[in-house]
Amino acid sequence: VQVIPHITDAIKHAITDGTDAYDFVLVEVGGTVGDIESLPFIEAIRQLGNELGPGRAAFIHVTLVPFIAAAGELKTKPTQHSVAELRALGIQPSVLVCRCEHPIPEAERAKIALFCNVRPEAVIPALDAPSIYAVPLQYHEAGLDRAVLAAFGITDAPPPRLERWSAIARAIASPEGEVTIGVVGKYVGLK
């Protein structure tokens, strides 16, 4: 058995099998770019992106923009290096979702865009959210939906209907009562 084409073909088949009825399929390749465990998956999605062609596949890279408290600044180098590693593996992200604790100033977003070869509006700050239910609203506010539509060349999409998300986020932020929940698992002590 060879990694290429046997394993990468199996991964591509697992991604595409049974997806004919869908307009969009989201596939997460977890891990750290460059780790040996993720390389067959990275290669498979690179191949799949080429096979599907422009406008039918987009790569969204989630990356960390750490805040160094002692220096009082955000560091963009980890993102630049991560994208450089991806590009060395043949993948050019269309959108960067930048995990961060503090807002990313426009100058830093422009710097990330310049050195990562993406449009500035495709550098999406993903600030820590008060609740998982607030994340879609924050992503919309930051322009993720518009950046993804642009990556696919879609210009006539209707505006998203976020009323239910807004209602859920409001309910989470202002609960009417309390419940006690027991959690059983391996990492239950983590915050």
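This is a predicted model: local features need pLDDT of at least 70, side-chain atom pairs count only at pLDDT 80 or more; totals for chains, interfaces and linings use all residues.

Residues are numbered from 1 along each chain as its sequence is written, and side-chain values use heavy atoms, with hydrogens and water left out.

Is Thr76 buried or exposed? I get a relative accessible area of 4%, so Thr76 is buried (under 20%; exposed is over 50%, partly exposed in between, with a 1.4 Å probe and protein chains only). Leaving out residues up to four places away in sequence, I see Thr76 touching Glu108, Lys111 and Ile112 (contact: heavy atoms within 4.5 Å). The Thr76 side chain also has a polar contact of 2.8 Å with that of Gln80 (a pair of N or O atoms within 3.5 Å, one able to donate a hydrogen and the other to accept it; residues adjacent in sequence count only if both atoms are side-chain atoms).

Next, α3. I list Thr79, Gln80, Ser82, Val83 and Leu86 as its buried residues. Down the axis of α3 they fall within an arc of 165 degrees, so they line one face (arc of the directions from helix axis to C-beta atoms). They pack against α2 (39-52), β1 (60-64), β4 (95-100) and α4 (106-116). On the face turned away, I note exposed His81 and Ala88.

Last entry: Gly90 follows α3, and its phi is positive, near 95 degrees.

Conventions. Helices (H or I, at least four residues) and strands (E, at least two) are DSSP runs, numbered from the N terminus.
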